[in-house]
Amino acid sequence: MKAKEIDRLKTVLSYNILDTPAEEDLDKIAELIAMVCEVPIAIISIIDDRRQWYKAKVGVDNDEVPVEDSFCQFTLIEDRFLEITAVQDDERVKGKPAAQGVDGLKFYAGVPLKAPDGHNIGTACVASSKPHKLTEKQKKAFELLADQAMTLIDAKRSNQILGDELKTILDRQKSILKKSIKQKESEFNALIQAISLSNALVQFNPDGTVFEANQIFASYLGFTSEELRGIHHDELLFEEDRKNNNAFWESLNQGNFKSGQMKRKHRSGKEIWLLATYNPILDSEGKVFKIIKIAQEITSSIESRKALQKAKDDAIQLNIQKDNFLANVSHELRTPLHAILGFTKLLLEEETDTIKTEYLNAVKTAGDNLLFTVNDILDLSKIESGTILIEQLEFDIHQLIHEVASFLKIKAVQKKISFTVEIDAEVPKWIIGDKNRLGQILINLIGNGIKFTDKGYVKLKLERVRENTSQVILKFRIQDTGIGIALDKLSVIFDRFSQSDEKISRRFGGTGLGLNISKSLVEKMDGTIEVSSKVGLGSEFSFTIPFQRGQQPIEKSKEAAVSFTQSKQVIKILLCEDNEINQTLVKTLLRPANFDLVIASNGEEGIQRFQEMDFDLVLMDIQMPIMDGYQTTIYLREKLHTQVPIIALTANYMLKEKQKCLELGMNDYLSKPFKKEELFEKIYLWGDSVNKKQLITKTEEDQAAEAPVDLNVLKEYSGGDEAFEHEMMQMFIGQVEKWKTAMDNHMAIADFKNIADSSHKMKSSFSVLGADTKDLINLEDLAELEDIDGIEAVYSRVKQYLKIVIPFLENKMKK
Ligand code: ADP
């Protein structure tokens, strides 16, 4: 075969069209060619090395002919349009089988189908068993249509190539994808495998049933993996948790991820805790097809956390109990101490017998010492609990040093040693800080100096270290020529309960708390404390504290005291105190002055007394039976709405308690045991200022005070008819009696509705008479709130008021 023919065949094969099914568009072209050429037969065929194969045809039955029998082989040879108008005469074709017989072909025309590479892959031909000849137009149209057929075949081949390419690409992509899915799958499985080695792993169906659980998970719950298979998640929960489980699974089925600490039921019924995540896995359509749960058991850590919390709560509770215990101990110790010290002082003032005075002084010293120890222990507990508060108030440091020195001077004189104070001229007078705590430190350090010195001196030096406009740093040095402290003890001297020598402690007494408390207090004030000492020569304790600078405050108490002595008013005092000794003590202390003292043994009695008469001041013990000082204060302030000054007499050394007193509406407090001067100072301060206020209001209200009802109101109703007025007053008095009986009955059975109704009715009678209706409105409100205590208090106030109103009206009627 010639090389050219081989190339042509390659082109034919490249179309891959042989023996393919018929195609409508090519069939239509064949039909068109037959029509245009006005012949019965038209064929579009492909010719390979052996046969002419008909791709599209009109007017013939067979599908192919061998190439040697074909007419079209000559069209290919001709390589252009070939027309044989008389087949029977044409040497090339007259012997071919198609030309034989009566119906043999008489006419043939063909056009080669030329591929873009120049090779003819086949032909388009027409034929007829009748003689025929194509017109020029038909020939032209035939050629055009053949051309069209070739274009179509070509386009199909291009499409096919494209399709094939696409397929190869897609196949390649598919295989890459397959590979990566496979890889992902194996990664996922490895991951699950790894997770399940050290974690509990369960796979759930979307309905919540387990389809696989690993051994770790099963063992958490006391099952085997097999036993868990098919179990619903509900069965792993406690009854009370099941009601929310539906919603939980609905949410998981919406693809929501869940995690957290979960409580589960062990097979034995005990509680276990899991830290778990629920991971919904979606299928290709985005629907959840399984849920993988990964979990770890955390029961023991939850239990230890719970135990820790409980221990913490217990500790807080214990601390509260400790606080209460200390408050109570403080009360129990300080109340009798208060009595002992107070009476001793009174006896000392009056005693002339030297022996007795000496004994009394011994009692006083012992009492003072005991008070110091109690205070130390309470301070210590406060320091320990961090509840110690340092006040920031203005005070005169020179005055404080003076007070401390005069207090300690006596002790030094008793020991026949000298005690001197040196204050640098630069030390300012007014500073801001905690005067009492500073005094406490000084008393402790100077007291120690005096205690541990038998001859020589104790010296307090106060120096100004530095000063600016707002701050001054002061250094306090306490030097003594006492027994000194051994070097090895110096480092532990500030430790709690430390005493440098047992023999010393036996000789000098003490608890070993003072220095520890002093150091804590100094540090609380942002200061530092130091010691240097030589055995046999003496010691120097020094501390440095920064203070805010102050300005001289207005001395209110003194002003009050002065104005009181000038006003010479009797101050009416109500003392609420259950302890008889303390009652007597206050009574004795107040006796010489111009006071009017009424004593109530508990809060309830105090309230009764308060409602019976006017008071300028209330001294209120805190711990009392029936109604304590807090409850009584609340009652006075909230139920009786009185602003009378209330001073708490607290044996409680806790600052918290003092704050509570102020928060509840008390005006001031005095810590027991208090000195006579302190008590007087508070009474002058609070009792007198109110007295002055009351004096003014009384003068303004003088007239009103005389007439408990506004008679003008009734006058307006009567239009001056006195007989009518008397009738009204008479009626009112009758009504009041009935009302009181009714109220007593209603109150006895706490019939709040009738209390409100009858008070409401009474209100209109009150207003006609011009009487004060305020408390009747109060009664209505209180009945609404079902506050029987409040009702009782207000009702007794109304009765009190009526005790003035009725005689007043009766008096009017007589006139
Ligand atoms: P105490 O109540 O025992 O005095 P402190 O804490 O105040 O407790 O003192 C602890 C110990 O430090 C004392 O017992 C004493 O041994 C020693 N000490 C304190 N101050 C002096 C001092 N000025 N001279 C000698 N020893 C002192």
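In helix α19 (residues 629–639), the buried residues are G629, Y630, T632, T633, Y635, L636 and R637. Buried here means under 20% relative accessible area, exposed means over 50%, and partly exposed lies in between (1.4 Å probe, protein chains only). This is a predicted model, in which local features need pLDDT of at least 70, side-chain atom pairs count only at pLDDT 80 or more, and totals for chains, interfaces and linings use all residues. Residues are numbered from 1 along each chain as its sequence is written, and side-chain values use heavy atoms, with hydrogens and water left out.

**Around helix α19**

- Helices (H or I, at least four residues) and strands (E, at least two) are DSSP runs, numbered from the N terminus.
- At the start of α19, the backbone nitrogen of Y630 has a side-chain oxygen of D628 within 3.0 Å.
- After α19 comes H641, with a positive phi near 50°.
- I626 lies in the loop between β21 (617–621) and α19; I626 is not a glycine, yet its phi is positive, about 65°.
- With a relative accessible area of 61%, I626 is exposed.

**Another positive phi**

- As background, most residues other than glycine have a negative phi.
- D79, also not a glycine, has a positive phi near 65°.
- D79 sits in the loop between α3 (72–78) and β4 (82–84), and is partly exposed at a relative accessible area of 35%.

**Aromatic pairs**

- The structure holds 13 aromatic pairs. Rings of Phe, Tyr and Trp (its six-membered ring) pair if their centres lie within 6.5 Å; planes under 30 degrees apart count as stacked, over 60 as edge-to-face and the rest as tilted.
- F494 and F541 pair edge-to-face, 6.2 Å centre to centre with 90° between the planes. F494 is in the loop between α13 (487–490) and α14 (502–508) and F541 is in strand β18 (residues 538–549), so this pair ties together parts 47 residues apart in sequence.
- F494 is buried at 11% relative accessible area, and F541 is buried at 7%.
- The ring centres of F595 and F680 are 5.5 Å apart with planes at 75°, so that pair is edge-to-face. It links F595 in strand β20 (residues 595–600) to F680 in helix α21 (residues 676–700), 85 residues apart.
- F595 counts as buried at 14% relative accessibility, as does F680 at 13%.
- F204, F248, W249 and Y278 are linked into a cluster by ring pairs.

**Charges over rings**

- A charge sits over a ring if NZ of Lys or CZ of Arg is within 6 Å of the ring centre and within 35 degrees of the ring normal.
- R157 has its charged end over the ring of Y15, 4.1 Å from the centre.
- K459 lies over the face of Y457, 4.8 Å from the ring centre.

Definitions and conventions:
Polar contact = N/O pair within 3.5 Å; in protein donor to acceptor, adjacent residues only side chain to side chain.
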